[in-house]
Amino acid sequence: MKSSLVIILFLSLFLFSCKRDSNSENQPFYYSTEQEFINNNDGLSDSALIGKLIFFDANLSEPVGVSCATCHSPMSGFSDPRHTSFSEGSAHQFGTRNANAISYMTFAPNRRAEVVRGIWETVGGFFWDGKAEFLNQQALFPLMNPHEMNIPNFGIASTKIKHASYYPKLEKLFGSASLADSQTIVFYAVTCLQAFEQSYQVNQFTSKFDFYLKGKVTLSAQEMRGMQLFNDTTKAKCSFCHLSKPVYYATTDKILFTDYSYENLGLPKHPDLSGTPVDSGLAKFENNNPAEVGRFKTPTLRNIEKTAPYMHSGIFSTLEDVLKFYNERDINPDFAHPEVPATMNTEDLGNLHLTQQEIADIIAFLKTLTDGYKVPQ
Ligand code: HEC
Ligand code: HEC
């Protein structure tokens with residue numbers, strides 16, 4: 001345990017000193033197929049390029065056939081392009097959570113306490129429940145998770161990496177002497193995965209909203225109305241949690257529409273999970289504190305148009321379903337049975353009195369957050 005902590009520390013230091021890819025702020029990254037995405041490596045650092053090759057390597061899973069991109073495709077905002085509530089892994093197993101869109105998650109702070117809306121709250125961390133406290137822990141979980149890539153141990157993982165076409169690149173970058181044992185090989189591979197996740201290819205900032213912020217395009221009247229409702233803390237209240245300004249404890253000054261807090265929205269249990277235990281969410285990693293049961297992380301809303309279904313259990317198929325829930329939770333019998341009533345947020349949602357037109361406006365605004373927008377010439 002101690003030695004792996006040392007490795008993690010060492011890797012963090014290493015990453016910190018790594019050459020970052022030459023982020024192409026001024027040359028937006030566009031692609032229309034996954035193959036086009038795969039082929040374009042302009043400006044990626046060596047480590048991010050290796051990470052990208054690992055990300056698309058379907059030979060890593062046990063049995064082979066599933067890569068990270070199987071459940072986190074660049075064609076669907078880095079969420080599951082099959083758009084199922086639960087994702088099928090290499091061993092034909094399913095987990096009980098919806099695959100996160102992993103774009104923009106890299107900017108989350110490490111899991112810790114911060115004052116959020118006046119109270120100390122847990123913020124940051126990775127996965128729906130914050131189970132990875134630090135960014136450099138998150139890539140290891142899916143490799144070894146039986147519901148995902150199902151690699152049983154470091155020995156098998158490192159053998160697979162050694163046989164991969166990118167292994168010589170890994171040796172060149174880190175030096176073959178440092179790739180001495182299986183654990184170190186896996187940790188270097190994870191370091192590269194992380195570099196890719198941090199690259200401009202995963203965090204593109206090419207939405208209409210981004211160009212609007214730069215003054216290069218105007219929003220339509222409907223999109224403007226939607227944005228105002230979104231930000232109105234007496235009306236739709238979205239920006240209470242999906243913050244539409246930068247957060248000082250995040251590692252970016254860009255707007256990501258989250259305060260990284262954990263909330264229980266009072267969602268009903270997904271029907272496919274009926275009879276299974278309550279999903280305790282954040283509580284599992286907070287000493288089973290009853291006050292944290294059923295709380296899940298507030299995700300970014302960037303690319304939300306492309307990442308259906310929605311919520312930690314993928315319970316809603318459309319943005320209309322999501323808005324209906326926020327608007328009517330407390331008055332619609334369909335939503336009368338939250339999975340965890342005790343910790344539910346009863347202040348900021350549930351009966352918002354939004355009209356159908358206002359809902360359509362908010363959704364029009366949310367659709368301005370999709371990457372790949374081209375400013376009309
Ligand atoms: C079989 C589908 C599947 C595969 C394959 C898969 N993932 Fe995931 N991924 C998921 C699911 C489901 C979650 C949400 C799990 C949870 O929160 O408990 C997730 C969550 C994540 C997160 C957390 C994102 C956030 O917003 O906090 C990261 C990072 C991630 N995956 C990276 C990867 C990487 C890297 C790989 C390849 C090594 C990979 N995943 C392979 C299904 C998959
Ligand atoms: C009290 C904080 C809070 C408020 C207010 C709030 N949200 Fe959320 N939002 C969350 C949390 C937390 C989740 C994830 C909940 C879960 O999966 O259990 C979420 C999830 C979502 C999702 C699904 C994201 C995904 O990746 O699946 C969408 C879309 C969304 N919110 C839109 C909105 C809109 C639009 C509003 C305003 C009408 C709003 N939210 C208001 C906290 C909030």
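The structure is a predicted model, in which local features need pLDDT of at least 70 and side-chain atom pairs count only at pLDDT 80 or more, while totals for chains, interfaces and linings use all residues. Residues are numbered from 1 along each chain as its sequence is written, and chains are lettered from A and ligands numbered from 1 in the order in which they are written.

**Domains**

Begin by colouring residues 2–69, 76–102 and 135–197 as domain 1, and residues 208–369 as domain 2; these bounds come from an automatic or database domain assignment. Taken over C-alpha atoms, the centres of domain 1 and domain 2 are 29 Å apart. Next, display the boundary, where 11 residues of domain 1 are in contact with 16 residues of domain 2 (contact: C-beta atoms, placed from the backbone, within 7 Å). On the domain 1 side of this boundary there are two nonpolar residues, eight polar and one charged. Here Ala, Val, Leu, Ile, Met, Phe, Trp, Tyr, Cys and Pro count as nonpolar, Asp, Glu, Lys and Arg as charged, and the others, Gly among them, as polar.

**Ligand 1**

Select ligand 1 and the 24 residues around it, of which C68, C71, M105, F127 and P142 come nearest (a residue is near a molecule if its C-beta atom, placed from the backbone, lies within 6 Å of it). The most comes from α4, with three residues. Helices are DSSP runs (H or I, at least four residues), numbered from the N terminus. By class, the shell around ligand 1 holds 14 nonpolar, seven polar and three charged residues.

**Ligand 2**

Move to ligand 2, which 25 residues surround, with C238, C241, F296, Y310 and H312 the closest. Helix α11 supplies the largest share of this shell, three residues. The shell around ligand 2 comprises 17 nonpolar, five polar and three charged residues.

**Helices α11 and α12**

Finally, select α11 (residues 319–328) and α12 (residues 356–366), whose axes come within 10 Å and cross at roughly 130°. Axes are lines fitted to C-alpha atoms, for helices over the stretch in contact, and angles run from 0 to 180 degrees between N-to-C directions. Show the side chains of L319, E320, L323 and N327 in α11, which meet I359, I362, I363 and L366 in α12. The residues of this contact divide into six nonpolar, one polar and one charged.

Notes:
Helix = DSSP H or I, 4+ residues; strand = E, 2+ residues; numbered from the N terminus. Contact = placed C-beta atoms within 7 Å.
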